[in-house]
Amino acid sequence: MHQQMIFVNLATNDLDAARKFFAELGFAADDNFSDDTTAAIPLSDTINVMLHTHRKYAEFTKKRIVDSTSSSEVLLALSAAGREEVDALVEKAVAAGGSATGEPQDHGFMYGRAFDDLDGHTWEVMWMDPTAAQG
């Protein structure tokens with residue numbers, strides 16, 4: 001059975017700094033699919049972030065590349081195994097040069113926080129009680 005994958009393509013102002021940032025979060029680049037214009041960052045077996053220099057990213061679109069520090073083009077959300085994992089990932093992001101954004105969202109059965117990476121892309125990290133998700 002085919003397992004669907006997602007490849008999130010993002011432009012970065014500094015590919016080396018972005019690679020280091022994600023490595024510090026625990027997500028090392030896959031050098032088999034990375035070069036001096038792109039870093040392939042597997043987040044799981046089915047989720048990959050493709051970080052591209054602006055020049056490389058422009059090969060995939062005719063649209064203007066937004067300044068993600070002042071404009072939002074996407075909100076990315078990752079699930080976590082628990083509240084502690086949510087906090088740990090956001091804290092790692094801040095320690096690696098990112099910034100926490102917004103207030104923690106605690107709804108009892110669901111908990112989330114967010115951070116902006118070095119290029120201003122917003123990443124939400126959330127946990128939901130599995131029993132609440134079942135209805």
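Author: Two strands count as paired if DSSP finds at least two bridges between them. The model discussed here is predicted.

Reader: What makes β1 and β3 a pair?

Author: The requirement is at least two bridges, and β1 and β3 have seven, so they pair. Their sense is parallel.

Reader: Why is β3 called largely enclosed?

Author: A residue is buried when its relative accessible area is under 20%. In β3, six of the seven residues are buried, so the rest of the structure largely encloses this strand.

Reader: Where is Asp 30, and which residues does it touch?

Author: Asp 30 sits in the loop between α1 (15–24) and β2 (38–42). Leaving out residues up to four places away in sequence, Asp 30 touches Ala 40 and Pro 42. Ala 40 is 10 residues from Asp 30 along the chain, and their C-alpha atoms are 5.5 Å apart.

Reader: How do you know that β6 is paired with strands β5 and β7?

Author: Again at least two bridges are needed. Strand β5 (residues 99–106) and β6 have five bridges in the antiparallel sense, and Ser 99 stands opposite Asp 116 in β6. β6 and β7 are joined by seven bridges and also run antiparallel. Phe 115 has Trp 123 in β7 as its bridge partner. Six of the seven residues of β6 are buried, so β6 is largely enclosed by the rest of the structure.

Reader: Which residues take a positive phi in the hairpins of β6?

Author: In the hairpin of β5 and β6, with three residues between the strands, Gly 108 has a positive phi near 80°. In the hairpin of β6 and β7, with five residues between them, Gly 120 in the turn has a positive phi of about 90°.

Reader: What is in the largest nonpolar core?

Author: This core has 26 residues, and among those with the most contacts inside it are Leu 51, Phe 115 and Trp 123. Elements giving two or more residues to the core include β1, β3, β6 and β7. Counting contacts beyond four places in sequence, Phe 115 meets several residues, including Leu 25, Leu 89 and Trp 123.

Reader: What are the volume and the lining of the largest pocket?

Author: The largest pocket holds about 230 Å³ of space. It is lined by 19 residues, and those closest to its centre include Ala 11 and Tyr 57. β1 gives the most to this lining, with four residues. By class, the lining has eight nonpolar, six polar and five charged residues.

Reader: How does the lining of the second largest pocket divide by class?

Author: The second largest pocket has about 200 Å³ of space. Of its 14 lining residues, Phe 27 and Leu 78 are among the closest to the centre. The lining divides into 10 nonpolar, two polar and two charged residues. Its largest share, four residues, comes from α3.

Note on methods:
Residues numbered from 1 in each chain as written. Predicted model: local features only at pLDDT ≥ 70, side-chain atom pairs only at ≥ 80, totals over all residues. Heavy atoms only, no water. 1 Å grid on protein atoms, 1.4 Å probe; cavity = no way out; pocket = protein on both sides within 12 Å on 5 of 7 lines; lining within 4 Å. Points joined across faces, edges and corners; volume = space filled by probe spheres on them. Nonpolar A, V, L, I, M, F, W, Y, C, P; charged D, E, K, R; others polar. Contact = heavy atoms within 4.5 Å. Core = buried A, V, L, I, M, F, W, Y, C linked by side-chain atoms within 4.5 Å. Buried < 20%, exposed > 50% of the residue type's maximum accessible area, 1.4 Å probe, protein only.
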